[in-house]
Amino acid sequence: MHELSIAVSIVEMASQEVAKRGGGRVCALHLRLGALSGVVKEALLFSHDIACLGTPLAGSKLIIEEVPVVIYCQTCQAEHNLESIQRFACPACGEPTAEVRQGKDLEVVALEIDDAEELLT
Ligand SMILES: [Zn+2]
């Protein structure tokens, strides 16, 4: 399963982050997940629980913020949220577009360690 290997690498990254900060228990991870990341949210949540077993993240929560796809339209010279990833066209003027500005995200943005939120930069 694709999501399990992703979950494992997220847990490894977070474990290293905790070690760097001198230890602690991770309560939650905040993840940005783009609609074009190719990752199924439910599968990733499920995989997270498995990947955490036996690590400092055991019992932690994975909090997923879903990121919409943003495209840039040359005709409008503006960014728009894409309503459906089935159709890559500007929602305002209908012009087809291939310029994706946002939506491929798969990024841990914050860790909550011992109830204190640590922002990752
Ligand atoms: Zn447009």
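1. Start with C27. The closest cysteine sulfur to that of C27 is in C52, 12 Å away, which is too far for a bond. A disulfide would need the two sulfur atoms within 2.5 Å. The structure holds 0 disulfides. Note that this is a predicted model.

2. Two cysteines are worth checking for burial. C27 is buried, at 15% relative accessible area. C90 is buried too, with a value of 1%.

3. Now the main core. The largest nonpolar core has 21 residues. Those touching the most other members are L29, L31, L44, L57, V108 and L111. Two or more residues come from each of helix 1 (2-20), strand 1 (26-34), helix 2 (41-52), strand 2 (61-67) and strand 6 (106-113). Helix 1 supplies the largest share, 6 residues.

4. Look at L44. This residue lies in helix 2 and is buried, with a relative accessible area of 0%. Setting aside residues up to four places away in sequence, L44 touches E3, I6, A7, L31, V39, L62 and I64. L62 sits 18 residues from L44 in sequence, and their C-alpha atoms are 8.8 Å apart.

5. Then L57. Beyond its neighbours within four places in sequence, L57 is in contact with V11, A14, S15, V26, L29 and C52. One of these partners, L29, is also among the core residues that touch the most other members.

Note on methods: Residues are numbered from 1 along each chain as its sequence is written. This is a predicted model: local features need pLDDT of at least 70, side-chain atom pairs count only at pLDDT 80 or more; totals for chains, interfaces and linings use all residues. Side-chain values use heavy atoms; hydrogens and water are left out. A nonpolar core is a set of buried Ala, Val, Leu, Ile, Met, Phe, Trp, Tyr and Cys residues joined through side-chain atoms within 4.5 Å. Buried means under 20% relative accessible area, exposed over 50%, partly exposed in between (1.4 Å probe, protein chains only). Helices (H or I, at least four residues) and strands (E, at least two) are DSSP runs, numbered from the N terminus. Contact means heavy atoms within 4.5 Å.
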